[in-house]
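Hello,

Here is the structure you are taking over. My notes on it follow below.

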Amino acid sequence: MKKKETLYPDGYCFENVPLAAALEDNIRNIKNILGNTSDLLISPITICGVKAAVICFEGMVSGLSISQMLIKPLMRISIENCTEKKLFEHIRDNMILSVDTAVSEEYGDIIRRLMSGFAVIFVDKTDKAVCCGIQGYDKRGVDEPSSEGNIRGSHEGFVETVRTNMSLVRRRMKTPLLRFELFPVSKKSNTDVIVCYMTDRVPPALVKSIKKRLKELPLETILGSGYVEPFLDSGRPSVFSGMSITERPDVMCAKLLEGRVGVMIEGTPFAIVIPAMFTEHFQTLDDYNFRPFYAVFLRYIRYIAFFLAVFFPGIYVAAALFHPEMFNSRLLLNLAAAQESAPLNLMWEALITLIFYEIIREAGVRLPQSVGGAVSIVGGLIIGDAAVSAGVISNPMLLVCAISVTASFVIPSLDQQVTLFRLAAVIIGGYAGLFGIALLSALMLANICAAENYGLPIMAPLSPFSPKAMGDVAVRLGFKRLGKRDFTIEQLNGADIGRAAQKELQSGEGADE
């Protein structure tokens with residue numbers, strides 16, 4: 001299908017319109033397109049008797065660089081019998097004004113480059129322009145990731161600028177097989193997106209399918225990775241996602257070596273990795289820096305923490321209400337004594353406690369950091385102690401919920417799913433006992449096992465079972481053995497990534513026709 005040109009509110013269609021020959025026409029058209037915006041800088045200059053102009057956006061380019069790299073070299077040009085054609089060819093062919101230089105012939109490309117920090121050189125009576133990348137906009141420096149802490153790994157994290165993120169990955173993967181493809185997406189914002197992959201590890205059909213989905217995004221703007229994720233999930237709807245999010249360039253490199261595709265978006269420090277597996281939520285970078293026996297111990301701590309975070313409050317409510325015989329006599333008497341002073345049912349106690357915790361956490365996240373600590377003190381100590389003293393909540397219930405909430409901190413990437421299933425476990429345990437908890441666990445397991453993304457089952461390598469891959473799931477083998485595997489996710493049983501991506505491409509082409 002022929003790509004439609006972008007229509008703007010004033011009805012002026014410029015996306016594929018070629019540049020005019022006259023300098024005044026080009027300047028007037030750019031002003032009309034941008035609506036005489038205040039941050040557009042236009043500097044008319046005369047070079048060897050020929051009219052020219054340098055155009056850029058204020059705050060998007062470096063003032064010092066544009067003076068040293070553009071204005072001074074242009075003003076020093078000396079050409080005998082200079083004409084407009086000779087001047088343009090001299091600038092294009094004989095001057096290195098920037099390493100990132102391109103020649104544009106359409107207004108759409110000019111506008112995109114201006115908004116990406118390029119300076120554009122126009123020459124009179126020439127229907128082309130030279131674009132020089134001299135970006136100088138303010139950006140956050142490379143800092144430690146806020147959501148993926150580690151002890152012995154790198155302390156560098158992605159930032160909001162995709163070109164900086166690209167360099168962080170390239171520094172760790174000095175191979176010509178690593179590819180970065182940058183292109184704009186969305187209708188209005190023209191947000192820069194980078195698709196990165198290893199050519200020898202990823203099926204070409206998977207890369208084509210992801211690029212096709214990105215270029216066809218029906219969004220006017222992209223302000224975060226969450227805008228894009230729903231459009232990159234090829235599987236059926238599921239509570240658990242077939243993609244993962246990372247803020248670390250070293251984790252991105254490890255995923256690329258396993259045959260994944262990374263998507264980095266301008267304006268967000270979180271990169272998307274496609275496809276992903278459920279077991280990866282229990283793996284951290286420190287697992288591969290510690291000795292194998294200690295890494296295995298930590299990994300099983302995370303498995304136990306996931307179980308406690310989801311089911312512990314629900315199991316306690318179910319056992320206390322329907323199966324008191326599970327407690328020994330002394331513990332049962334203590335629980336009964338604590339429950340006598342509480343006016344509410346155990347299920348409602350658990351729900352009130354957990355919801356109150358969610359309110360405290362949300363307040364701590366949204367408030368300024370200087371106030372966040374005070375919220376934790378007031379909510380956790382003062383209100384919690386007052387609720388127990390007043391008899392609204394019993395001490396055992398407060399302890400159970402505290403253990404569950406603390407366990408959820410061990411696996412922050414599953415926080416959304418853990419929160420929902422924990423509340424569901426309390427409700428169904430309060431109405432159906434341990435039989436309801438068993439039913440909920442079966443439904444959750446079925447939901448995980450049924451989900452897939454681009455032909456990769458999310459529950460792999462557990463279901464379908466892949467014995468070779470269990471060396472990094474059930475245990476953590478040493479690097480002497482891990483280094484010999486040359487593992488990619490296509491080797492997993494049940495994985496059919498290339499065929500699934502090719503099938504999706506063919507179905508998309510049929511729909512376009």
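To begin in the sheet: how many bridges join E7 to E9, and do they run parallel or antiparallel? Four bridges join the two strands, and E7 and E9 run antiparallel. One of these bridges pairs Val195 with Val263 of E9. Please keep in mind that this is a predicted model.

The chain as a whole

The chain has 513 residues, and 46% of them count as buried. Its secondary structure comes to 16 helices and 12 strands. The C-alpha trace spans about 105 × 50 × 50 Å along its principal axes. The accessible surface comes to about 25,900 Å², and carbon and sulfur atoms hold 59% of that. Among contacts with a separation of 6 or more, 66% are between residues 24 or more positions apart.

The five-stranded sheet

E7 and E9 belong to an open sheet of five strands, in the order E6-E7-E9-E10-E8, with antiparallel pairing. At the edges are strand E6 (178-185) and strand E8 (244-246), each of which pairs on one side only. From one strand to the next the twist averages 25 degrees.

Strand E9 (residues 261-265) also pairs with E10, in the antiparallel sense and over three bridges. Here Gly262 has Val273 of E10 as its bridge partner. E9 and E10 form a hairpin with five residues between them. In the turn, Gly267 has a positive phi of about 100 degrees.

Helix H7 (residues 225-232) touches E8, E9 and E10, and its direction makes about 15 degrees with that of E10. Helix H8 (residues 249-257) touches E6, strand E7 (191-198), E8, E9 and E10. The direction of H8 makes about 50 degrees with that of E7.

E9 itself is mostly covered, with five of its five residues buried. In a regular strand the side chains alternate between the two faces of the sheet. In E9, Val261, Val263 and Ile265 point one way, while Gly262 and Met264 point the other way. All of these are buried.

Aromatic pairs

The count of aromatic pairs comes to 11. In one of them, the ring centres of Phe282 and Phe306 are 5.6 Å apart and the planes stand at 85 degrees, so the pair is edge-to-face. This pair links distant parts of the chain, 24 residues apart. Phe282 is in the loop between strand E10 (271-274) and helix H9 (292-322), and Phe306 is in helix H9. Both Phe282 and Phe306 are buried.

Tyr300 and Tyr303 make another pair, with ring centres 5.3 Å apart and planes at 85 degrees, so this one is edge-to-face as well. Both tyrosines lie in helix H9, three residues apart, about one turn of the helix. An α-helix has 3.6 residues a turn, so residues three or four places apart point the same way.

Charges over rings

Where does the charged end of Arg113 sit? It sits over the ring of Phe118, 5.2 Å from the ring centre. Lys215 also has its charged end over a ring, that of Phe183, and 5.2 Å from its centre.

Helix H4

Helix H4 (residues 107-114) is mostly covered, with six of its eight residues buried. The buried residues are Tyr107, Gly108, Asp109, Ile110, Ile111 and Leu114. What do they pack against? Their partners are helix H1 (23-34), strand E2 (50-57), strand E3 (101-104), strand E4 (118-123) and strand E5 (129-133).

Regards

Note on methods:
Residues are numbered from 1 along each chain as its sequence is written. This is a predicted model: local features need pLDDT of at least 70, side-chain atom pairs count only at pLDDT 80 or more; totals for chains, interfaces and linings use all residues. Side-chain values use heavy atoms; hydrogens and water are left out. Rings of Phe, Tyr and Trp (its six-membered ring) pair if their centres lie within 6.5 Å; planes under 30 degrees apart count as stacked, over 60 as edge-to-face and the rest as tilted. Buried means under 20% relative accessible area, exposed over 50%, partly exposed in between (1.4 Å probe, protein chains only). A charge sits over a ring if NZ of Lys or CZ of Arg is within 6 Å of the ring centre and within 35 degrees of the ring normal. Two strands pair if DSSP finds at least two bridges between them. Axes are lines fitted to C-alpha atoms, for helices over the stretch in contact, and angles run from 0 to 180 degrees between N-to-C directions. Contact means heavy atoms within 4.5 Å. Accessible areas come from the Shrake-Rupley method with a 1.4 Å probe; for residues, only the protein chains shown count as cover.
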